[in-house]
Amino acid sequence: QVRLVESGGDSVQAGGSLRLSCSASGFLFKSYCMAWFRQAPGKEREGVAYIYPSALSSSYADSVKGRFTISRDNTKNTLYLQMSSLEPEDTSMYYCAAGRRGVYCTDQSQYENWGQGTQVTVSS
C-alpha cells in the first residue's frame, strides 16, 4: 500500500525558513514523480513543486520560485521541500504526492497518492 507521511510543518514568522519532509513507502519511489501541493481554506489546491524520478529536473510554481527547493533522496525514499523567505501567503496545508510519470511530472492528473498533510503557518 502506498503511504506518504509529511512532517516538518510549523508556525514561523515572515522571513523564516522551514524544511518539510515526506517519508514514502509501499511503491517504487525512485520510479515516481514526486510533488508538493498546498491548499489553504477556501482556496484551490496548488501545485508547488515537482521533481522527476532521477532528480535531474524540477519545476516550481511562480509564487515560490527562488524561495523553495524540492529535492529527493532515492536511497531513503524521502522527499524534501526547503522553504525560505516565507510569506504569510505561504500559509497552507502542505501535501506530498506521488505519481506514475507519463511524460511530464507537472501533469497533475497522475497524482493519485497523497499524504495527510502538514500545516505551515506564517505570521507577519
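This is a predicted model: local features need pLDDT of at least 70, side-chain atom pairs count only at pLDDT 80 or more; totals for chains, interfaces and linings use all residues.
Trainee: How is the overall build of the chain read, and which elements does it have, helices or strands?

Mentor: One begins by listing the elements, and this chain has 11 strands and zero helices, so that its pattern along the sequence is simply β-β-β-β-β-β-β-β-β-β-β. The radius of gyration is 13 Å, close to the 14 Å that the globule rule gives for 124 residues, and therefore the chain is as compact as a globular protein of that length. Along its principal axes, the C-alpha trace spans about 40 × 25 × 25 Å.

Trainee: Which residues touch the most other members of the largest nonpolar core?

Mentor: The general idea is that in soluble globular proteins, nonpolar side chains tend to be buried together. Here the largest nonpolar core has 27 residues, and those that touch the most other members are Met34, Trp36, Leu79, Leu81, Met83 and Tyr94. At least two residues of this core come from each of β3 (18-25), β4 (33-39), β5 (46-51), β7 (68-73), β8 (78-83), β9 (92-99) and β11 (118-123), and β3 gives the largest share, with four residues. There is also a second, separate core of eight residues, including Phe37, Tyr50, Ala97 and Tyr111.

Trainee: What is Leu79 in contact with, once its neighbours within four places in sequence are left aside?

Mentor: With those neighbours left aside, Leu79 is in contact with Leu20, Ser21, Cys22, Phe29, Met34, Ala35, Trp36, Ile51, Ile70, Ser71, Arg72 and Cys96. One of these partners, Cys22, is placed in strand β3. Since residues under 20% relative accessible area count as buried, Cys22, with a value of 0%, is buried. Not counting residues up to four places away in sequence, Cys22 touches Leu4, Val5, Glu6, Trp36, Asn77, Thr78, Leu79 and Cys96.

Trainee: How far apart in space are Cys22 and Asp10?

Mentor: From C-alpha to C-alpha, Cys22 and Asp10 are 15 Å apart in space, while in sequence they are 12 residues apart.

Trainee: Which strands does β9 pair with?

Mentor: To read a pairing, one looks at the bridges and at the direction in which the two strands run. Seven bridges join β9 to β4, and these strands run antiparallel; within that pair, Ala35 stands opposite Ala97. β9 is also joined to β11 by three bridges, again in the antiparallel sense, and Met93 there stands opposite Gln119. With strand β10 (residues 111-114), β9 pairs over three antiparallel bridges, and the bridge partner of Gly99 is Tyr111 in β10. The strand is mostly covered, as seven of the eight residues of β9 are buried.

Trainee: Where is Gln110 placed, and is Gln110 buried or exposed?

Mentor: Gln110 is found in the loop between β9 and β10, and at 12% relative accessibility it counts as buried. The side chain of Gln110 reaches the backbone oxygen of Asp107 at 3.0 Å. Leaving aside neighbours within four places in sequence, Gln110 is in contact with several residues, among them Cys33, Ala98, Gly99, Arg100 and Tyr104.

How values were computed: Residues are numbered from 1 along each chain as its sequence is written. Side-chain values use heavy atoms; hydrogens and water are left out. A nonpolar core is a set of buried Ala, Val, Leu, Ile, Met, Phe, Trp, Tyr and Cys residues joined through side-chain atoms within 4.5 Å. Buried means under 20% relative accessible area, exposed over 50%, partly exposed in between (1.4 Å probe, protein chains only). Contact means heavy atoms within 4.5 Å. Two strands pair if DSSP finds at least two bridges between them. The radius of gyration is taken over C-alpha atoms; the globule rule is 2.2 Å times the number of residues to the power 0.38. A polar contact is a pair of N or O atoms within 3.5 Å; within protein, one must be able to donate a hydrogen and the other to accept it, and residues adjacent in sequence count only if both atoms are side-chain atoms.
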